[in-house]
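Trainee: Hi! Could you walk me through this one?
Mentor: Happy to, let's look together.

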Amino acid sequence: MKLPVFIVSLIFPLFLFSQIQKAPEKKEGEGPWNQFIIRGVTLINGTGAPPFGPVDIVIEKNRIKEIKVVGAPGLPIPASARPKLEEGGKELNCEGMYLMPGFVDMHGHIGGKAQGTPAEYVFKLWMAHGITTIRDPSAGNGLDWVLEEKKLSAENKITAPRIFAYTAFGQGSKDPISTVDQAIAWVRDNAKKGADGIKFFGAAPAIMKATLEENKKLGLRSACHHAQLDVARWNVLNSARAGLTSMEHWYGLPEALFEDKTIQSYPLNYNYNNEQNRFEEAGKLWKQAAKPYSDHWNKVMNELLGLDFTIDPTFNIYEANRDLMRARRAEWHEQYTLPSLWKFYEPSRTAHGSYWHSWGTEQEIEWKENYRLWMTFVNEYKNRGGRVTVGTDAGFIYELYGFSYVRELELLREAGFHPLEVIRSATLYGAQALGQEKDLGSVEVGKLADFVIIDANPLENLQLLYGVGAIVLTDSNTVIRKGGVKWTIKDGIVYDAKKLLEDVRQMVEAEKAKTGFKITQPGVKAF
Ligand SMILES: [Zn+2]
């Protein structure tokens with residue numbers, strides 16, 4: 001989600017003035033150590049392997065040195081089976097807990113001026129949910145800004161996930177890019193500045209083709225939100241053929257699947273800049289595409305598979321379309337949503353993604369059907385060997401950083417993924433899509449020590465991963481909250497995830513106290 005293309009191109013000169021507060025110097029986390037042993041944990045390694053354990057995982061500095069099965073499930077672990085702790089080493093008892101690779105959020109905007117969300121707030125919400133790597137699609141606070149945060153995160157001088165910066169195409173260009181030569185010059189400049197890739201919203205076909213080819217030649221990756229303004233002349237299939245490495249959301253895919261039309265059936269009074277129009281009509285798009293498993297549907301899917309193309313659906317960011325009340329009343333808003341962000345979410349004719357002019361039963365039912373067809377495609381893409389990743393696009397449409405990631409996992413589950421397939425999408429496939437699978441994405445010897453540890457089995461209930469945990473009624477009839485990530489480990493540094501979440505809660509409290517703000521529902525008094 002991001003501003004409509006025409007606005008994006010208009011505001012580039014303002015980027016300098018629209019940056020948010022950078023993260024403060026790191027005060028959190030312990031480590032790394034010369035030797036660090038995580039003891040007795042059950043491992044979900046991210047490759048698709050089933051859980052196994054108990055294992056001891058030995059880390060030296062920030063790399064995995066050894067993964068050793070040390071006993072049988074449910075029995076005491078014999079000391080003789082365990083790797084020895086060396087002098088100056090550190091050990092962490094994780095018996096009964098589950099360990100996964102650090103999560104990758106493939107669509108993570110680092111907040112923005114309009115949302116009033118400082119980087120510390122966004123980073124801590126991510127890290128508190130086990131997200132140790134993000135891709136910033138657009139570099140919305142400016143490329144220099146995000147490259148600086150990326151560097152500080154890589155050096156572990158701030159508490160933040162690893163950052164991959166994909167600059168919005170054309171960002172920083174003095175003139176609007178209207179020729180192939182200008183486009184190629186921009187791509188080379190972007191690579192020279194140190195960006196990891198490009199995020200597109202669409203452009204003229206000749207420019208898209210030349211830009212994607214040049215970008216690929218330089219070894220960079222790319223993402224595209226195929227916005228309606230260009231999609232009639234350049235859809236997902238065009239992009240994939242020209243070398244795009246991942247598609248964001250879903251726009252451009254139904255268009256590639258059209259059989260009895262070449263342009264979406266827009267009502268004649270449609271205006272793209274009226275976001276109620278834009279989102280309402282989008283909800284009728286998948287049913288205009290070829291039927292699931294039809295010849296054309298199969299042909300498009302198989303061609304994308306042949307191109308090793310990544311789909312990053314970001315299901316969660318559209319969920320308010322099929323259930324607005326659910327998204328708006330999510331139980332974490334009161335404690336963890338900053339007042340400025342809440343205001344940004346509220347119905348507005350000017351803010352992006354706040355298109356609730358009139359949103360009710362009819363729109364939600366259309367969107368439920370839209371999801372059904374979309375999820376059918378994504379699940380089958382995975383079944384045929386396609387790479388589907390986990391991205392959130394949080395910070396818009398009532399979706400909160402970190403929490404929305406767990407929701408995205410649940411929505412992949414709803415689409416038909418086995419929980420182990422969900423975790424693989426969140427980890428190994430994210431790392432592959434970024435070209436980082438040598439170091440990240442699975443728990444294997446030689447890779448970096450980025451982990452999520454939780455005191456419960458996340459495969460049984462993905463909701464256990466929410467910062468607020470999952471509701472459990474005990475045998476003695478007491479309601480408790482179970483789960484929430486316990487430790488997030490990045491580069492062998494151990495962060496207390498609940499403490500990070502508490503920092504966020506205090507930031508929100510302080511802002512509320514300062515402004516006297518209370519969360520309201522549209523047209524309803526504060527509560
Ligand atoms: Zn986005």
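Predicted model: local features only at pLDDT ≥ 70, side-chain atom pairs only at ≥ 80, totals over all residues.

Mentor: Start with two helices: the axes of α4 (residues 180–193) and α5 (residues 205–217) come within 9 Å and cross at roughly 30°. Helices here are DSSP runs of H or I with at least four residues, strands are E runs of at least two, both numbered from the N terminus. Axes are lines fitted to C-alpha atoms, for helices over the stretch in contact, with angles from 0 to 180 degrees between N-to-C directions.
Trainee: How are α4 and α5 oriented to each other, then?
Mentor: They are therefore roughly parallel, a label for angles under 35 degrees.
Trainee: Which residues in α4 and α5 meet?
Mentor: From α4, Val-180, Ala-183, Ile-184, Val-187 and Arg-188 meet Ala-206, Ile-207, Ala-210, Thr-211, Glu-214 and Asn-215 of α5. Contact means heavy atoms within 4.5 Å.
Trainee: Changing topic, how many salt bridges are there?
Mentor: The whole structure has 41, each a side-chain nitrogen of Lys or Arg within 4 Å of a carboxyl oxygen of Asp or Glu. In one of them, Glu-248 pairs with Arg-135, with the closest N and O atoms 2.6 Å apart.
Trainee: Where do Glu-248 and Arg-135 lie?
Mentor: Glu-248 is in strand β11 (residues 246–248) and Arg-135 in strand β7 (residues 131–138), so the pair ties together parts 113 residues apart in sequence.
Trainee: What is the mean pLDDT?
Mentor: The chain's mean is 94, with 96% of residues at 70 or more; pLDDT is the predictor's confidence in each residue, from 0 to 100. Over residues 3–17, though, pLDDT is below 50.

Note on methods: Residues numbered from 1 in each chain as written. Heavy atoms only, no water. Parallel < 35°, antiparallel > 145°, perpendicular 65-115°, else oblique.
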